[in-house]
Amino acid sequence: MSEKEPDTDDSTEPRTDGISEPEGSEARRAVRTDGGSDARPDGGGIVPQDDQAPTWSERKQRTQGLSRLTYEYFERSRREDEDLRRASDYVERDVLAFPTWPHEMIRNLAITSFFIGAMFFLAAAVPPHLPGPANANSTPAVILPDWYLYWSFGLLKLTPLNPENKGAARRPVEEPGWAALGVGGVVFAFTIAALAVKNLIAATFPIGNHELFDVTFLLPLVAAFLAYAVLKTMREGYMFELNRRYFRLRPPK
Amino acid sequence: MADEFAKGFAILTGGGMVWMTISAWLTTESFEGTQLIAQPPEDPGTYAQFALLLRDVTTWFVIFGVFAFWIGIPVFRELRA
């Protein structure tokens with residue numbers, strides 16, 4: 001749209017930018033009394049100084065409270081910034097930052113598109129190897145997970161920590177001693193955790209720090225003793241049931 | 001200085017991607033076998049021959065490009081300064 005010959009309905013609106021209007025515009029405006037095809041509720045024809053300027057509805061919302069305070073704060077900082085710019089003779093000081101759109105958005109989209117394009121190219125040109133279906137009937141010679149899980153298999157290979165003979169027991173009741181040790185360990189994990197937050201424990205429960213310290217090491221022993229007693233008592237009946245079932249399946253000759 | 005690094009890096013990555021693609025097509029035995037640096041096929045066709053030539057070109061392009069931008073040009077500027 002050229003400056004001299006506007007050919008839209010905006011030409012019927014009063015000019016406020018000081019440019020003289022062509023002859024006959026008064027008469028044409030008098031005909032249009034409905035505000036034109038694009039009537040604007042913010043007093044159309046009043047051009048804001050730039051796209052950063054608030055609209056009239058926005059100004060109306062800033063008359064009181066937090067919105068007024070926020071507005072004044074930003075207005076003051078904007079004014080101070082403007083004064084600094086005017087006082088400064090340093091030319092590059094005028095550019096404080098680039099707007100997000102289009103500069104940074106275009107840059108980010110370009111970087112994203114580049115890497116997505118690289119991934120598409122590699123996926124199409126160098127497709128990854130698709131191995132054949134797994135044969136569940138054959139055990140591979142080397143059993144290993146993916147490389148990032150090697151550490152877990154390394155833990156398994158720490159022989160002193162993982163004795164080969166873990167015992168033949170399938171139920172805790174079959175080995176009450178080892179089961180009691182496990183129970184004590186689990187309880188100790190909780191009590192030592194409670195000792196770590198002893199200030200919270202002291203604030204919540206009527207127990208002093210010394211008592212908590214004693215309980216931390218005594219409670220696992222008590223739990224292990226109780227577990228041993230219960231399992232030892234249960235074991236006879238358990239083994240009896242086991243044997244009964246076994247001999248019911250295979251009666252002695 | 002950073003521009004020279006970026007140019008050398010672009011040569012390394014761009015040429016390396018072309019080299020890797022052609023090597024995956026033509027000089028890779030299998031997934032379990034030698035990858036990327038295996039022997040090229042005995043009797044390549046015309047297109048494969050051209051691709052292998054392009055592979056050699058990219059190899060020396062990457063080597064000379066990285067050497068020029070990361071070593072040659074900085075050394076030359078240091079000596080001149």
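Helices (H or I, at least four residues) and strands (E, at least two residues) are taken here as DSSP runs, numbered from the N terminus. By that definition, Pro102(A) lies in helix H4 of chain A, which covers residues 100–125.

This is a predicted model, in which local features need pLDDT of at least 70 and side-chain atom pairs count only at pLDDT 80 or more, while totals for chains, interfaces and linings use all residues. Residues are numbered from 1 along each chain as its sequence is written, and chains are lettered from A and ligands numbered from 1 in the order in which they are written.

**Chains**

Chain A contains 8 helices and 0 strands, so that its elements, read from the N terminus, run α-α-α-α-α-α-α-α. Chain B contains 2 helices and 0 strands. A residue is called buried if 20 or more other C-beta atoms lie within 10 Å of its own, exposed if 12 or fewer do, and partly exposed in between, with C-beta atoms placed from the backbone. Buried residues make up 3% of the 253 residues in chain A and 10% of the 81 residues in chain B. Two residues are in contact if their C-beta atoms, placed from the backbone, lie within 7 Å. Among the contacts in chain A between residues at least 6 apart in sequence, 56% join residues at least 24 apart; in chain B, residues 24 or more positions apart account for 67% of the contacts with a separation of 6 or more.

**Helix pairs**

Two packed helices are described by the angle between their axes and the distance between the axes. The axes are lines fitted to C-alpha atoms, for helices over the stretch in contact, and the angles run from 0 to 180 degrees between N-to-C directions. A crossing is left-handed if the near helix is turned anticlockwise from the far one by less than a right angle, and right-handed if clockwise.

| Helix pair | Angle | Axis distance |
|---|---|---|
| H1(B) and H2(B) | about 160° | 9 Å |
| H6(A) and H8(A) | roughly 155° | within 8 Å |

Angles under 35 degrees count as roughly parallel, over 145 as roughly antiparallel, 65 to 115 as roughly perpendicular and the rest as oblique. H1(B) is therefore roughly antiparallel to H2(B), and H6(A) and H8(A) are likewise roughly antiparallel to each other. The crossing of H1(B) and H2(B) is left-handed, whereas that of H6(A) and H8(A) is right-handed. In sorting the contact residues, Ala, Val, Leu, Ile, Met, Phe, Trp, Tyr, Cys and Pro count as nonpolar, Asp, Glu, Lys and Arg as charged, and the others, Gly among them, as polar. The contact of H6(A) with H8(A) comprises 20 nonpolar, 4 polar and 2 charged residues, and the contact of H1(B) with H2(B) comprises 19 nonpolar, 7 polar and 3 charged residues.

A nonpolar core is a set of buried Ala, Val, Leu, Ile, Met, Phe, Trp, Tyr and Cys residues joined through C-beta atoms within 7 Å. The largest such core has 6 residues, namely Ala179(A), Ala180(A), Val183(A), Ala224(A), Ala227(A) and Leu231(A). Helix H6 (176–196) and helix H8 (209–249) of chain A each supply at least two residues of this core. Apart from neighbours within four places in sequence, Ala179(A) is in contact with Pro172(A), Ala227(A) and Leu231(A).

Leaving aside neighbours within four places in sequence, Leu219(A) is in contact with Val187(A) and Thr191(A). Leu219(A) and Phe190(A), 29 residues apart in sequence, are 9.9 Å apart in space, C-alpha to C-alpha.

**Helix and loop residues in chain B**

Not counting residues up to four places away in sequence, Leu12(B) touches Val62(B) and Val66(B), and its C-alpha atom is separated by 9.9 Å from that of Phe64(B), 52 residues apart along the chain.

The loop between helix H1 (2–26) and helix H2 (46–80) of chain B holds Leu36(B), and Ile37(B) also lies in the loop between H1 and H2. Leu36(B) is partly exposed, with 14 other C-beta atoms within 10 Å, whereas Ile37(B) is exposed, with 9 other C-beta atoms within 10 Å. Ile37(B) and Leu26(B) are 11 residues apart in sequence and 9.3 Å apart in space, C-alpha to C-alpha.

**Backbone geometry**

Most residues other than glycine have a negative phi, and most peptide bonds are trans. Leu36(B), although not a glycine, has a positive phi of about 70°. The peptide bond from Trp101(A) to Pro102(A) is cis, with omega near 5°.
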